[in-house]
Amino acid sequence: MSDALLDVRSVTLQYKTRDHLVTATYRVDFQVFESDRFVLLGPSGCGKSTLLKAVGGYLEPVEGEIRLKGERVERPGPDRMMVFQEFDQLLPWKTVQENVVFALTASGRLTGKAAAEKAREAIARVKLAKFADSFPHTLSGGMKQRVAIARGMAMEPDILLMDEPFAALDALTRRKMQDELLQLWDDTRFTVLFVTHSIPEAVKVGSRILLLSPHPGQVKAELNSLPRERADGEAAHALEERIHNMLFADEVEEDEEHHHE
Amino acid sequence: MSDAAITRPERYRETIDAGEFGVVEKPLSPFERVYNVTAVRKLVILVVLAAAWEIYARLLNNPLLFPTFSATVEAFADGLVHGTLLLKAWTSIRILLMALLTVIAISSRIGTDFLETLTSMFNPLPAIALLPLALIWFGLGAGSIGFVLIHSVLWAVALNTHSGFLAVSGTLRMVGRNYGLRGLRYVGSILIPAAFPSILTGLKIGWAFAWRTLIAAELVFGVSSGSGGLGWFIYENKNQLEIPNVFAGLLTVIIIGLLVENIIFRTVETRTVRRWGMQT
């Protein structure tokens, strides 16, 4: 199976805090293929964000390796565009349009008119054409995240890395954003690696879900999510329940009767 | 009392169109609007101060000690018309600009720890205290004043730039590196704009220090023989007992200070950090 787009092989990640050496993940492996909507799901402390940052090239694994299209990931680069959770990921001194253009020109993907054209197209696709000349601080949280997604997609990376991009949004906006993301995926079938701690979000957004256990993160299971058309009904609920039980098996055992009415 | 909640019917309403309300939004009265303009309020204060000055000076009736406001303005206008005042001001400002530019060039290059140590050492040292030393090193003239000015500006700007860099959020740093930016391009297109609010604050503080130091230093000696700055103008006129001219000189110092603060820095601020919503 060497034709995977992204190959994460028994990756152990550690980082240092002020007075601890923390092992974030332990020998995690998974493979992402073209046009996957691959979700890393786990409770907080399972190292899923750290894992994503390692794929982004911000963190070197202490064991194992990460390969993108067969090439070792060693540093951050525009072939792996990140979409962060934080709203301050847009450059505040540039307008929406300039933000996207700057990404294209700074990374050397495109220049001049081609970059402007590409940016306009990407911004229109996330329905923000009207706000192209606005500065980020005038936009709502959801709009900022849409710009970040537009920026990520305009770059046409090999893989889009999304680190809980909707976690800081209110529930209504979050649902809308999930729908929009899926629509965008229907249009262009980009590959995305998506980190979340919300089970419903994983079931809704993902096509394949990797479950991680906490402290340190280890692979617990890798599941196929539901086909898009069934993702909203009973089946989704059942899958969510199944994932929930898997993730919290240890804690649930004692009060099992309690949980199943 | 009972556990069961009172059953109530669901209800639906049409919302009223905004146009049917009495007041949704109403402009304030002209007086309130004028009063809300900071510039107007400040202008009123200035007028009151000028009036107080004029009245006190007339009561005192001693033009040698304290000339009237009108006499000062006259001397000021006279100086403007005959060009001496403007020319002197320009001499002062030119030196200041040169010093500022040098500082910007230096502070962007110096290493962090080195900078911190030096800053904590030299920041508390008043620039004017270095003047005697500067005189020995650079002699009478622009060199000495430049040295003192750089000292007064450097630490404020460097300290603020540095703390600005440190405060750039981790997310923005990661975004920059995500684009593949490294080295000077990374500093230039991510760190400096992101730290710009702090840099601007540093420049403002630096400017205020520098302007005071400059005038003070010029009081001690002219910039170079023949063409002194504003401080020298004040000193000279004091010696000749042209007290209205002294006040005109002081007034120019104040006005230039105000102009720079309220026009130049204000404009830069509205064009940049305010527009970007980055003001802290």
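Author: Two strands count as paired if DSSP finds at least two bridges between them. Strands themselves are DSSP runs of E with at least two residues, helices are runs of H or I with at least four residues, and both are numbered from the N terminus. This is a predicted model, in which local features need pLDDT of at least 70 and side-chain atom pairs count only at pLDDT 80 or more, while totals for chains, interfaces and linings use all residues. Residues are numbered from 1 along each chain as its sequence is written, and chains are lettered from A and ligands numbered from 1 in the order in which they are written.

Start with β1 (residues 6–16) of chain A. Strand β1 of chain A runs antiparallel to strand β2 (residues 21–32) of chain A, and eight bridges join them. Four residues make up the hairpin between β1(A) and β2(A). Within this pair, A:Val11 has A:Val28 of β2(A) as its bridge partner. β1(A) also pairs with strand β4 (residues 63–68) of chain A, again in the antiparallel sense, over five bridges. There, A:Leu68 of β4(A) stands opposite A:Leu6.

A:Arg27 lies in strand β2 of chain A and has a positive phi of about 45°, although it is not a glycine. A:Arg27 counts as partly exposed because it has 14 C-beta neighbours inside 10 Å. On this scale a residue is buried if 20 or more other C-beta atoms lie within 10 Å of its own, exposed if 12 or fewer, and partly exposed in between, with C-beta atoms placed from the backbone.

Now the open sheet. Six strands of chain A form it in the order β6-β7-β8-β3-β9-β10, with mixed pairing. β6 and β10 (218–224) of chain A stand at the edges, and each has a single partner strand, so one side of each is left without a neighbour in the sheet. From one strand to the next the twist averages 20°; axes are lines fitted to C-alpha atoms, for helices over the stretch in contact, and angles run from 0 to 180 degrees between N-to-C directions.

Inside this sheet, strand β7 (residues 159–163) of chain A pairs with strand β8 (residues 192–196) of chain A in the parallel sense, over four bridges. A:Met162 has A:Phe194 in β8(A) as its bridge partner. The loop between α4 (141–154) and β7 of chain A holds A:Glu156, another residue other than glycine with a positive phi, near 45°.
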